[in-house]
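Please keep the sequence and the 3D view open while reading.

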Amino acid sequence: STAAEAARPVPTYLLTGYLGAGKTTLLNRLLRESNTRFAVIENEYAMEFAIENELPTQPQPGSSSSGAVKVYEFGDGCVCCSASEEFELALEDVLERRDELKYEAIVIETTGRALAGPVTRILQSPTFAPRLDLSGVITVVDAVHAVRYLDPANPAVEFKEQIHFADTILLNKMDRASSDNVTQLEQAIATLNTHCQVYHTSYCDVDVQQLLRSTRGANQAAGPEDDELLALQHDRSISTTGANLDKPLPSRARFEKWLQEVVTEHHNDLARYKGVIVTRTDPAHVAPNTRGDLAVWTLQGVHEHWELQPRALAPDEPLPMTRLAFIGPNMDRHVIRRRFYESFDPSE
Ligand SMILES: Nc1nc2c(ncn2[C@@H]2O[C@H](COP(=O)(O)OP(=O)(O)OP(=O)(O)O)[C@@H](O)[C@H]2O)c(=O)[nH]1
C-alpha cells in the first residue's frame, strides 16, 4: 500500500482571500484541528511587510505540520506572477521530499494580493497535475470590510477574482458583520460564482474535516469569463510603507493614541497593517513579557479595526526592533512614515 500511496497524487488545498480576511487564522485552524499532516507553502508579503511568522512552529497535538516553506513577494509581484517561478521551485521541492516529510496533503496560503486563477493553472499544469490533486480552492471573505470592494470606484480586482475561483467560501468575521453587509456580499458572491459552497464563520470556525472533504466542484470547467479573469492584472494603486525604530516607544498608551489618530484619518486606505512594537512599560499596561522596563507587542490591523497583543519573548531571544508596515490602495506612503518619525524619533 505504501507504493500505491506514494504514487497517488497529493491532495492540495489553496487558501486565498483578500488582505486581512482571515487566511492565516484558517491555516492555523487547519494545522491545529485537522487530523491531516500538512506540508505548508506560504506566500509572504515582500520583506518590508513580512513582520511576523504567525504559523505555529511546534507540531500541535493530534496534528503536525511538516514544516513551512515560504515564498516571498518581489516588488509588486507574488506567486501568481513575478514570483511564480519561485513558487514552482518551492512546490517541486515539497513534492520531491514527500517520503522524507511524510505529509498527507499540501496547503498553500497566498497573500491577499495574489490572484487565484494563475495559481490554480500552475497546480493543474502538466508539470504538477500528475503529482498533486487540487482538492479545493478555499477563499476567505471579510464580511466586515469587504463591502467596500463591491464599489465600482474601488475595484480591487483580486477580491472578485478570488471569489470567482473558489470551491468553498468562508464568509468570515460574522461576529462583527452587519446583516446588511452579509446580504450584499452574499449577492455579490452569487453573481461571481454559481458553484461554491458558502460557510458563515467567526475566526474561521468551520468544521475542518468537513471543509477538507468537500470536493472540488463544478468550478473546474473554465468558462468564457475565466479568460477575462485570467487576463487580470494586479491593482496598481496598492502600495506599502513601513517604519523601523531602534529605540523603545515611550509607552503603549502613546503608541495607541498615535495609531488611532492615523487610523481615524486614513482607515479607508489602510487595508492591512501589522507591526512589532517595543515600548517602555507603564503601570496602566502591565505586560506579561517584559524585559527590564521594556515590553513587546504585536499589532494586527484591517481598516478601522486593530488590536495590540503582548508578544511572547523567549528568554534568549534578542529584543526585536519596532517595525510597522502598512499596505493599501491610494495610500500616501510618505505621510504615515513621516508622522511616525515626527512623533517618536524627532531627531531623524
Ligand atoms: N473580529 C474578527 N476578527 C478576525 C476574524 N478572523 C480573523 N480576524 C482578525 O483579522 C486579522 C487578520 O487575520 P489574518 O488571519 O491574519 O488574515 P490574513 O487573511 O491572513 O491577512 P494577510 O496578512 O493580509 O494575508 C487578525 O487580527 C485576526 O485576528 C473574525 O472572524 N472576526
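Strands are DSSP runs of E of at least two residues, numbered from the N terminus. The model is a predicted one.

Strand β6 covers residues 168–172, and Thr-168 lies in it. Is Thr-168 buried or exposed? Its relative accessible area is 4%. Buried means under 20%, so Thr-168 is buried.

Leaving out residues up to four places away in sequence, Thr-168 touches Val-137, Ile-138, Thr-139, Cys-196, Gln-197, Tyr-199, Leu-211 and Ser-214.

## The five-stranded sheet

Five strands form an open sheet in the order β8-β12-β9-β10-β11. The pairing is antiparallel. β8 (238–245) and β11 (305–310) are the edge strands, each pairing on one side only. From one strand to the next, the twist averages 20°.

Within this order, β9 (residues 272–280) and β10 (residues 294–302) pair over eight bridges, in the antiparallel sense. Thr-279 stands opposite Ala-295 in β10.

## Helices on the sheet

Helix α10 lies across β9, β10, β11 and β12 (322–329). It runs at about 165° to β11. Helix α11 also packs on the sheet, where it touches β8 and β12. The direction of α11 makes about 15° with that of β8.

## How α10 meets α11

Two packed helices are described by the angle between their axes and the distance between the axes. Here α10 spans residues 252–266 and α11 spans residues 333–344. Their axes come within 11 Å and cross at roughly 155°. Angles over 145 degrees count as roughly antiparallel, so α10 and α11 are roughly antiparallel to each other. The crossing is right-handed.

Which residues of α10 meet α11? They are Arg-254, Phe-255, Trp-258, Glu-261, Val-262, Glu-265 and His-266. On the α11 side are Val-335, Ile-336, Arg-339, Phe-340, Ser-343 and Phe-344. The residues of this contact divide into seven nonpolar, two polar and four charged.

## Positive phi in two loops

Lys-173 is not a glycine, yet its phi is positive, at about 70°. Lys-173 lies in the loop between β6 and α7 (179–192). Its relative accessibility is 17%, so Lys-173 counts as buried.

His-303 also has a positive phi, near 45°, and is a residue other than glycine. Where is His-303 found? It sits in the loop between β10 and β11. With a relative accessible area of 1%, His-303 is buried.

Terms used:
Residues numbered from 1 in each chain as written. Predicted model: local features only at pLDDT ≥ 70, side-chain atom pairs only at ≥ 80, totals over all residues. Heavy atoms only, no water. Axes fitted to C-alpha atoms, helices over the stretch in contact; angles between N-to-C directions. Helix = DSSP H or I, 4+ residues; strand = E, 2+ residues; numbered from the N terminus. Parallel < 35°, antiparallel > 145°, perpendicular 65-115°, else oblique. Left-handed = near helix turned anticlockwise from the far one by under 90°. Contact = heavy atoms within 4.5 Å. Nonpolar A, V, L, I, M, F, W, Y, C, P; charged D, E, K, R; others polar. Buried < 20%, exposed > 50% of the residue type's maximum accessible area, 1.4 Å probe, protein only. Pairing = 2+ DSSP bridges.
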